[in-house]
Amino acid sequence: MKAKNNFSPLSLATWIFSGAIVLLGSRAVAENSVLRSIFSCQAQGLGGLVPTIKVWYEQGTNLSFIPAGEKIRKVWLNDPSQVTLDFDGPMCMQFGPESGADCKNSAANVIQLRRIPKLNLPGVRSTDNTLLTVITEAQGQSKLYTFKVLYEDTPPEYHTLAIFADPGGGGASCARVSN
């Protein structure tokens with residue numbers, strides 16, 4: 001008894017078309033990722049590169065230390081003329097009527113950066129990007145993070161940059177880059 005061959009040019013075309021849709025669809029999902037993530041040692045620049053975070057007009061960009069289990073203790077932005085900052089919990093204020101608050105009681109884990117039209121602030125030089133500095137704490141250990149903030153006019157690529165604890169608890173996952 002001879003097996004019947006069900007192959008036809010139409011079924012081959014269907015398989016090729018289906019494969020193309022899957023490949024193109026998965027590429028589009030990867031390019032439009034809603035979450036970007038890096039390890040803590042990479043975010044601290046221990047690999048020799050300053051990490052970047054992008055901000056767009058269309059949406060805010062979250063910088064989350066939740067996966068690393070770290071609390072944000074202090075934040076500053078070198079050029080605040082194009083970005084606003086908000087937090088998911090109380091933050092230490094070092095100016096205004098609440099200045100002098102206990103910074104050890106800051107309880108935020110997420111910073112939300114939002115791009116705004118450029119303000120003319122006296123004494124602030126116009127720049128194409130700025131530096132965001134963040135001091136965090138976990139288990140009594142402080143960490144210093146610096147991020148180059150890039151202003152984007154393109155459609156948003158992601159909405160959250162998540163910082164994860166280093167695998168194995170150390171900085172071994174970050175290769176140092178020599179200059």
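Visitor: In what order do the 4 strands of the open sheet run?

Guide: The order is β2-β8-β7-β4, with mixed pairing. Strands β2 (52-56) and β4 (71-77) are the edges, each pairing on one side only. From one strand to the next the twist averages 30°, where axes are lines fitted to C-alpha atoms, for helices over the stretch in contact, and angles run from 0 to 180 degrees between N-to-C directions. Two strands pair if DSSP finds at least two bridges between them. Strands (E, at least two residues) and helices (H or I, at least four) are DSSP runs, numbered from the N terminus.

Visitor: What should I know about the model itself?

Guide: It is a predicted model: local features need pLDDT of at least 70, side-chain atom pairs count only at pLDDT 80 or more, and totals for chains, interfaces and linings use all residues. Residues are numbered from 1 along each chain as its sequence is written, and side-chain values use heavy atoms, with hydrogens and water left out.

Visitor: In which sense do β4 and β7 pair?

Guide: Strand β4 pairs with β7 (residues 129-138) in the antiparallel sense, over 6 bridges. Leu77 stands opposite Leu132 in β7.

Visitor: And which strands pair with β9?

Guide: Strand β1 (residues 35-39) pairs with β9 in the parallel sense over 5 bridges, and Ile38 has Ile163 as its bridge partner there. Strand β3 (residues 61-64) also pairs with β9 in the parallel sense, over 3 bridges; Leu63 stands opposite Leu161.

Visitor: How many residues of β9 are buried?

Guide: In β9 (residues 160-164), 4 of the 5 residues are buried. Buried means under 20% relative accessible area, exposed over 50%, and partly exposed in between (1.4 Å probe, protein chains only).

Visitor: Changing topic, how many salt bridges are there?

Guide: The count comes to 5, a salt bridge being a side-chain nitrogen of Lys or Arg within 4 Å of a carboxyl oxygen of Asp or Glu. One of them joins Lys54 and Glu157 (3.1 Å, N to O). Lys54 lies in β2 and Glu157 in the loop between β8 (141-152) and β9, so this pair ties together parts 103 residues apart in sequence.

Visitor: Which residue forms a salt bridge with Arg115?

Guide: Asp153 does, with the closest N and O atoms 2.8 Å apart. Arg115 lies in strand β6 (residues 110-115) and Asp153 in the loop between β8 and β9, 38 residues apart.

Visitor: Is Asp153 buried or exposed?

Guide: Asp153 is exposed, at 61% relative accessibility, whereas Arg115 is buried, at 10%.
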